[in-house]
Amino acid sequence: MKSTFLKKRVVQIVFSYWYSIFVKGQGGYKMENLDKVYAKRIAEEYAPKTTTKVVRLKKLDQKVKRPAKIFAFTFGIICALIAGTGMSMIMTDFGLNDTIGLVIGVILGVVGFIGCGINYLAYLKILKSRKEKFAFEITELAKEISEE
């Protein structure tokens with residue numbers, strides 16, 4: 001009994017919503033103006049886009065940070081995989097002699113963990129060099145925005 005009532009009520013609400021939008025025109029668009037709205041949206045899509053100074057500043061900021069992030073993620077994943085391979089060789093036997101597998105696993109694990117530790121330092125160095133490269137351009141654009 002309740003589910004039937006609930007279904008009917010949902011249908012009433014949805015119908016009244018669409019009725020108020022398209023028939024009464026309370027949603028901002030009347031049915032006869034729908035073609036105009038559609039044409040306007042398509043025209044806006046193909047119109048040349050103008051970028052503001054704030055958008056240019058955000059893009060420059062992304063241009064500075066993106067290479068450092070890409071390097072950090074890629075290098076970090078590779079180092080984590082190397083460390084994982086080393087730990088796996090320590091815990092399991094790949095058909096090698098036990099001591100050889102243990103030694104190779106320890107070496108790979110240490111190399112992987114050292115790489116993970118160096119990763120953040122490399123990220124900071126790349127980010128610093130990119131900031132120095134684009135500092136003048138970003139500060140000039142920020143000054144222009146703040147003066148407006």
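Q: How much of the protein chain counts as buried?
A: Of its 148 residues, 16% count as buried. Keep in mind that this is a predicted model.

Q: How confident is the predictor in the protein chain?
A: The average pLDDT is 82, and 77% of the residues score at least 70. Among the elements, helix α1 (residues 2-22) has the lowest mean, 66, while α3 has the highest, 93. Where pLDDT is low, the predicted coordinates should not be read in detail.

Q: What makes up the secondary structure of the protein chain?
A: Helices do: there are four of them and zero strands. From the N terminus on, the order reads α-α-α-α.

Q: Why is Leu121 called exposed?
A: The label exposed needs a relative accessible area over 50%. Leu121 has 55%, so Leu121 is exposed. This residue lies in helix α4, and its C-alpha atom is separated by 9.5 Å from that of Ala72, 49 residues apart along the chain.

Q: Why does Leu102 count as partly exposed?
A: Partly exposed is the range between the buried limit of 20% and the exposed limit of 50%. Leu102, at 42% relative accessibility, falls in that range and therefore counts as partly exposed. Leu102 also lies in helix α4.

Q: Which residues make the nonpolar surface patch?
A: They are Met87, Ile90, Met91, Leu102, Val106, Val110, Phe113, Ile114 and Ile118, and together they make a patch of about 840 Å². Patch residues need over 30% relative accessible area, and Leu102 passes with its 42%. Both α3 (53-91) and α4 (98-147) supply at least two residues of the patch, with α4 giving the most, six residues.

Q: What makes the largest nonpolar core?
A: Eight residues do: Leu60, Val64, Ala68, Ala72, Tyr123, Leu127, Phe134 and Leu141. Leaving aside neighbours within four places in sequence, Val64 is in contact with Leu127, Arg130, Lys131, Phe134 and Ile138. In soluble globular proteins, nonpolar side chains tend to be buried together.

Q: How do you know that Glu144 forms a salt bridge with Lys53?
A: The limit for a salt bridge is 4 Å between a side-chain nitrogen and a carboxyl oxygen. In Glu144 and Lys53 the closest N and O atoms are 3.2 Å apart, so the pair qualifies. This pair links distant parts of the chain, with Glu144 in helix α4 and Lys53 in helix α3, 91 residues apart. Glu144 is partly exposed at 34% relative accessible area, and Lys53 is partly exposed at 27%.

Q: What makes Lys65 and Asp61 a salt bridge?
A: Their closest N and O atoms are 3.4 Å apart, which is within 4 Å, so they too form a salt bridge. The structure holds two salt bridges. Lys65 and Asp61 both lie in helix α3, four residues apart, about one turn of the helix.

Q: Why is Lys65 called partly exposed rather than buried?
A: Buried would require under 20%. Lys65 has 30% relative accessibility, so Lys65 counts as partly exposed. Asp61, at 33%, is partly exposed as well.

Technical notes
Residues are numbered from 1 along each chain as its sequence is written. This is a predicted model: local features need pLDDT of at least 70, side-chain atom pairs count only at pLDDT 80 or more; totals for chains, interfaces and linings use all residues. Side-chain values use heavy atoms; hydrogens and water are left out. Buried means under 20% relative accessible area, exposed over 50%, partly exposed in between (1.4 Å probe, protein chains only). Patches are made of residues with over 30% relative accessible area and no salt bridge: like charges are joined within 9 Å, nonpolar side chains (Val, Leu, Ile, Met, Phe, Trp, Tyr) within 5 Å. Accessible areas come from the Shrake-Rupley method with a 1.4 Å probe; for residues, only the protein chains shown count as cover. A nonpolar core is a set of buried Ala, Val, Leu, Ile, Met, Phe, Trp, Tyr and Cys residues joined through side-chain atoms within 4.5 Å. Contact means heavy atoms within 4.5 Å. pLDDT is the predictor's confidence in each residue, from 0 to 100.
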